[in-house]
Amino acid sequence: MSNTPKLSEAQEAILHAVADLARTDYQQHLLVEAGAGTGKTTTLVAAREQLVHAGVGVLALTFSNAGRQRFADVHLAQTGRGLPPKSVLTFDGLAFEVLCGAVEGRNYSGDGFFTREEIRQNAINESDQLLQLLSELVAELNDTWEGEIPDRESDLIDLLDLIGNARIANVFRDPRMYAEEDGLEEFQEMERTEFLASLDLPPWFYHLFSRFERLRRESRHLVGVEGAAYDLAGDPRALVRYVWANRINVIMVDEFHDTKALHFELLNVLIKAGCRLVLIGDRHQDMFAWRGLQPFSAFDSAGQLAGLNTLALPRSWRYGHRIAQMADRIVQRLQPGAARITGPRAQAGKLLAVPDLVAWLAQSAQQGVALADHCAILPTQADCMLLQLRLFDAGVPYRLVERVRHFFQGYEFRVLRALAVLYSRRFAADAPFHINSLYALDVLMNVPTLGLDKETRSDLRAELGLDGARRADGQRLLNADPYTLGLVLDKLAEFLPPVLTTAQSWPAWLALAVQHLQLHAFLYQRAQHPAAGRQSALLLDELVRRFSIDLAPAMQVQRWDDAVERFVRQRGNASGLSLTSVLHAKGHEYARVLLPMGEAGWRRHLLQPTAAGWRELYVAVTRARDGIMLETTDDNQTLAQEVHGVFGG
Ligand SMILES: Nc1ncnc2c1ncn2[C@@H]1O[C@H](COP(=O)(O)OP(=O)(O)OP(=O)(O)O)[C@@H](O)[C@H]1O
């Protein structure tokens, strides 16, 4: 059953422009800049349908898997049909198809890249393997560079990030970096060093990067972290062969605001292959502005394309004028004077503020109010976990959107659980066995202050079965038993700093463990960005508080397991409130969006505003169709003013 909404004039204009660019003899492209909820995906899906009917080969590209899924869902809703396979791909998915695919028995890639069988066996990324690869390489390079490259685990994690950013920024394909090592003239070497310095990179980084990339390819680490897209940019002819073999004439890019230099390079290759581009995005939703080594504006780069036609979608369909006003106030703070965001007058939008969101939700749940179309959106994963704890206490059902994790699967909970089990074994000789404790120990073993060397860690992981193959659901098949767990705990206890080896009461020991194992620093380094690190520390403190009750730690672990099991089995969860982080909220929409304004929420975004923070808040607010609900927990005057300034009411 087809259910395409009646398109607005502005949307129709885009459909005409797309039809035109597919028809003309000379190459034309279209850039559509539009606000959130203005019907970008809706329009793109309709434009795709129109082209497919006219016999034009179209490939739609997105950045995230969530974006791809959203495109497929909108297509299904609008046409009543599923999309043919491979007609919508993420950039990495496209790269994977091209590098590993074949037509009529011949690989697209001249390198013959990988066979399907090889990929099935081995090619999926394991980030810990990448770390291993990097650490071996750094050790080898440090022989020559006399230890100049920092090599503690936290340094290696930073280096892995830097390598990812160098890929995304695509800087090593700059002509200044091309020349082969052997034939390098002195002036070229100088040019290269200056170029690296201009990017704030140390001179050894080029060697590290190029050798790491070679190793990554040889070890078939293709998928993930833009590895595949980067390899594809180095093999442009494969991409050209792919679009020609599949008769693709038009490339559509949804979420165009997420385009970085690497992806733009791929778009340039597609242009050279004769494709026409339809690019659609919202510059205020660029939440990944920090990726890469230098700021990159996809919109400015597209502006340079020859034959570019630019259109706009001015009005939101998702929300009415009241939410549009909120979105607009945020955008004006980001870019004063930006085009105004509007929404239909008839659709007002509600704003509700409550002092205790969880109490309100508990009451609603009791009254049988369906909360499935309500979504609490939080800035980070740790914030989501803090809210989960409150919901858990109050017995309010919730479900997690996409890859947002349960609090009991987070590093913060796991590391404390591991300490509780370790304490029980060492001082009470009653460590309870549960499979979740094995995952918890895996986290504890990575705490650098414990000082486990690589071999010991790897031996202990093997004992616990943590090195086993993953099952289809991503978990590992663990085969340890209570006896092995005990032995591993005894071994781990040998690594405890002396202050933790003498018997003390439980909460005091826990406080010392958190301090001496420097768990805040450990979690901070594990977090994706500083704000996430800060919130992770907040979550750790809250969990420490909960683990500090006067009850034997073994009993506490048992209690958590029972409670979690009961909660997970709750029938109401499917219809419960959705809970997500802003990153995972992108592209989705909900009737009502719930925004906690406290410390474990959006407080900092308003009190210490940054461009990145405004973009996040903009994405969160614009997920709402009918209303926004704020939780205002404190009476800070400045915060109240800021809340009023953005949300009005
Ligand atoms: N012409 C229209 N008439 C009525 N509703 C529409 C129309 N176009 C889009 N919509 C609705 O507006 C909402 C937002 O559409 P869509 O998800 O396509 O927007 P978007 O710009 O891609 O959003 P985002 O910025 O979140 O990615 C959807 O509920 C969609 O069904």
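Reply: A definition first: Ala, Val, Leu, Ile, Met, Phe, Trp, Tyr, Cys and Pro count as nonpolar, Asp, Glu, Lys and Arg as charged, and the others, Gly among them, as polar. The model discussed here is a predicted one.

Me: By class, how many residues of the shell around the ligand are polar?
Reply: The residues around the ligand number 18, and P5, G39, K40, T42 and W317 come nearest among them. Divided by class, the shell has five nonpolar and five charged residues, and its polar residues number eight.

Me: In what order do the six strands of the open sheet follow one another?
Reply: The edge strands are β3 (88-90) and β8, since each of them pairs on one side only. Neighbouring strands of this sheet are turned by 20 degrees against each other on average, direction ignored. The pairing is parallel, and the order of the six strands in the open sheet is β3-β2-β6-β7-β1-β8.

Me: Which strands does helix α2 touch where it packs on the sheet?
Reply: Helix α1 (residues 9-23) packs on the sheet, where it touches β1, β6 (250-253), β7 and β8, and its direction makes about 160 degrees with that of β8. Helix α2 also packs on the sheet, with a direction that makes about 160 degrees with that of β2 (58-62), and the strands it touches are β1, β2, β6, β7 and β8.

Me: Which residue is the bridge partner of E33 in β8?
Reply: Strand β1 (residues 29-34) and strand β8 (residues 308-313) pair in the parallel sense over six bridges. Within this pairing, V32 has L311 as its bridge partner in β8. For E33, the bridge partner in β8 is A312.

Me: Which residue of β7 stands opposite V32?
Reply: Strand β1 also pairs with strand β7 (residues 276-281), in the parallel sense and over four bridges. The residue of β7 that stands opposite V32 is I280.

Me: Are the residues that point to either side of β1 buried or exposed?
Reply: From β1, the residues H29, L31 and E33 point one way, whereas L30, V32 and A34 point the other way. The strand is mostly covered, and six of its six residues are buried.

Me: Which residue of β7 is the bridge partner of M252?
Reply: Strands β6 and β7 run parallel and are joined by four bridges. In β7, R276, V278 and I280 point one way and L277, L279 and G281 the other way, and all are buried. The bridge partner of M252 in β7 is V278.

Me: Is R247, which has a positive phi, buried or exposed?
Reply: Most residues other than glycine have a negative phi. The phi of R247 is near 50 degrees, and R247 lies in the loop between α11 (236-245) and β6. A residue is exposed if 12 or fewer other C-beta atoms lie within 10 Å of its own, and because R247 has 9 of them, R247 is exposed.

Me: Is E255 buried or exposed?
Reply: E255 has a positive phi of about 55 degrees although it is not a glycine, and its place is in the loop between β6 and α12 (261-272). A residue is buried if 20 or more other C-beta atoms lie within 10 Å of its own, and because E255 has 26 such neighbours, E255 counts as buried.

Key:
Residues numbered from 1 in each chain as written. Predicted model: local features only at pLDDT ≥ 70, side-chain atom pairs only at ≥ 80, totals over all residues. Near = placed C-beta within 6 Å. Helix = DSSP H or I, 4+ residues; strand = E, 2+ residues; numbered from the N terminus. Pairing = 2+ DSSP bridges. Axes fitted to C-alpha atoms, helices over the stretch in contact; angles between N-to-C directions. Contact = placed C-beta atoms within 7 Å.
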